[in-house]
Amino acid sequence: MIPASFEYAVARDVAHAIELLTSSGGEGKVLAGGQSLIPLMKFRLAQPAFLVDINRISGLAQIRENGDLRIGALVREADLDMNPIVRERYQILVDTTRVIADPLVRNMATVGGNLAHADPANDHPATMLALRASVVARGPTGERLIPIDEFFVDTFTTVLGPNEILTEIRIPKPPARSGGAYLKLERKVGDFAIAGVAVMLALDEKGKVGAVGIGVTNAGPTAIRARKAEEILRGQATDDKTIAAAAAAAAGESKPWSDLRGPAEYKLDVIRVLTQRAIRKAVARATGGK
Ligand SMILES: Cc1cc2nc3c(=O)[nH]c(=O)nc-3n(C[C@H](O)[C@H](O)[C@H](O)COP(=O)(O)OP(=O)(O)OC[C@H]3O[C@@H](n4cnc5c(N)ncnc54)[C@H](O)[C@@H]3O)c2cc1C
C-alpha cells in the first residue's frame with residue numbers, strides 16, 4: 001500500500017532534529033532505518049504528518065567502549081554483528097542481532113530504532129533488560145539517562161517525549177566470569193519470536209551466581225524482566241534444580257497471549273525451556289565455553 005502523504009526533512013545534527021520535531025507540534029516522527037515505521041505507514045497503521053530523517057547525523061553510528069559499551073542510535077544490526085568488541089565480549093548481542101529478521105532488514109535496521117519502537121516482539125528489549133542497559137535521550141531541555149527498566153511503558157510506547165531523540169545505548173561492562181545468551185524460537189527464519197529469552201549472569205569463584213539479568217520477548221505488552229527467576233538464581237550454584245526453578249519462575253512471570261504463533265500455554269512452556277537453555281549457555285560462556 002501507499003502511505004498517507006507526509007512532510008519530510010533531513011536533520012543535520014541532533015539539535016536540528018529536536019528543533020524539527022518541536023516545530024511539528026507533536027506530529028513528527030523520527031525516521032531511522034525505517035524497517036518498522038515504513039511498513040506501519042504503508043499499512044496506514046501510522047500516519048505521521050512529518051518525518052525527521054536522522055540518518056545523515058554524524059557521530060550516532062559508533063560502537064565504543066568507555067568503561068561501559070556505548071552503541072550509537074544509528075548503529076545498524078549488521079554493524080553490531082560485525083563489530084570486533086561486540087564479537088569478543090558481548091556474545092549475547094551477537095545472538096540477538098543474528099535472529100532479527102533477515103540480512104536485508106539488518107543492513108538498515110538500527111538498534112536504537114528497535115528499542116524506540118517498543119514492540120514486545122522485538123528482540124533487543126529483552127536483551128537490554130538482561131544486560132541492565134541505559135538509554136541516553138536528548139530533548140529541548142537537555143540530555144537524560146534512562147535505566148532500561150523505566151524505558152518501556154506499553155506496546156509501541158516508551159518514556160521518550162515527542163521531541164526527544166534516543167542517541168545512545170549504554171551497557172555496563174560485564175564483570176569477570178560473566179556470560180550471556182539470547183535464545184529465540186521462531187516459526188521460520190526471519191520471523192518474529194514465538195518467545196525469546198535473554199540471560200546475562202556473572203559467577204563468583206565458587207561458581208555461584210552474582211549479578212544476573214533475565215529478559216523475555218513476547219511475554220506481555222512489553223518485554224519483561226523476570227525478576228523472580230533472577231532472585232532464585234542469585235547466590236546459588238547453577239545446578240539442575242535451581243535452573244529448573246528459575247525457568248519455571250520466568251514462565252510464571254510471563255503473560256503471553258494466544259495468536260497465530262501458538263496458544264499462550266504453549267508459549268509459557270517455550271519460555272520455560274528457553275530460560276533453562278539460555279541459563280546453561282550463559283554459564284558455559286561465563287566459564288570459558290562457547
Ligand atoms: C521483514 C521484517 C522482519 C522483522 N523481524 C524482526 C525480528 O525478528 N526481530 C526484531 O526485533 N525486529 C524485527 N523487525 C523489526 C525491525 O527490525 C525493528 O523494529 C527495526 O529495526 C526498528 O529500527 P529502525 O531503525 O528500522 O526504526 P524505524 O522503523 O525508523 O523507527 C521505528 C520507531 O522508532 C522511532 N525511532 C527510531 N529511532 C529513533 C531514535 N533514535 N530516537 C527516537 N525515536 C526513534 C521511530 O520514530 C519509529 O516510531 C522486522 C522488520 C521487518 C521489516
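Here is a short tour of this predicted model, stop by stop.

Before you click, note that residues are counted from 1 along each chain as its sequence is written. Because the model is predicted, local features need pLDDT of at least 70 and side-chain atom pairs count only at pLDDT 80 or more, while totals for chains, interfaces and linings use all residues. Helices (H or I, at least four residues) and strands (E, at least two) are DSSP runs, numbered from the N terminus.

**Stop 1**

**Stop 2: helix α8**

Now select residues 124-131, which form α8. Eight of the eight residues are buried, so α8 is largely enclosed by the rest of the structure. Buried means that 20 or more other C-beta atoms lie within 10 Å of the residue's own; with 12 or fewer it is exposed, and in between it is partly exposed, with C-beta atoms placed from the backbone. The buried set runs His124, Pro125, Ala126, Thr127, Met128, Leu129, Ala130 and Leu131.

Zoom in on Leu129, which lies in α8. Leu129 counts as buried because it has 25 C-beta neighbours inside 10 Å. Leaving aside neighbours within four places in sequence, Leu129 is in contact (C-beta atoms, placed from the backbone, within 7 Å) with Ile148, Ala198, Gly213, Gly215, Ala223 and Arg225.

Just past the end of α8, Arg132 takes a positive phi of about 60°.

**Stop 3: helix α5**

Select residues 91-98 for α5, where the buried residues are Ile92, Leu93, Asp95, Thr96 and Thr97. Their cover includes α3 (77-82), α4 (84-89), α6 (103-108), α8, β11 (178-186) and β12 (193-203).

**Stop 4: two loop residues**

Most residues other than glycine have a negative phi. Phe156, however, has a phi near 60° and sits in the loop between β8 (152-154) and β9 (157-158). Asn218 also has a positive phi, near 60°, in the loop between β13 (209-217) and β14 (224-225). Buried or partly exposed: what is each one? Phe156 is partly exposed, with 17 other C-beta atoms within 10 Å, whereas Asn218 is buried, with 27 C-beta neighbours inside 10 Å.

**Stop 5: α11 against α12**

Finish with α11 (residues 240-253) and α12 (residues 264-286). Residues of α11 that meet α12 include Ile243, Ala247 and Ala251; on the α12 side, look for Leu268, Ile271, Thr275 and Arg280, among others. The residues of this contact divide into 10 nonpolar, two polar and two charged.

Technical notes:
Axes fitted to C-alpha atoms, helices over the stretch in contact; angles between N-to-C directions. Contact = placed C-beta atoms within 7 Å. Nonpolar A, V, L, I, M, F, W, Y, C, P; charged D, E, K, R; others polar.
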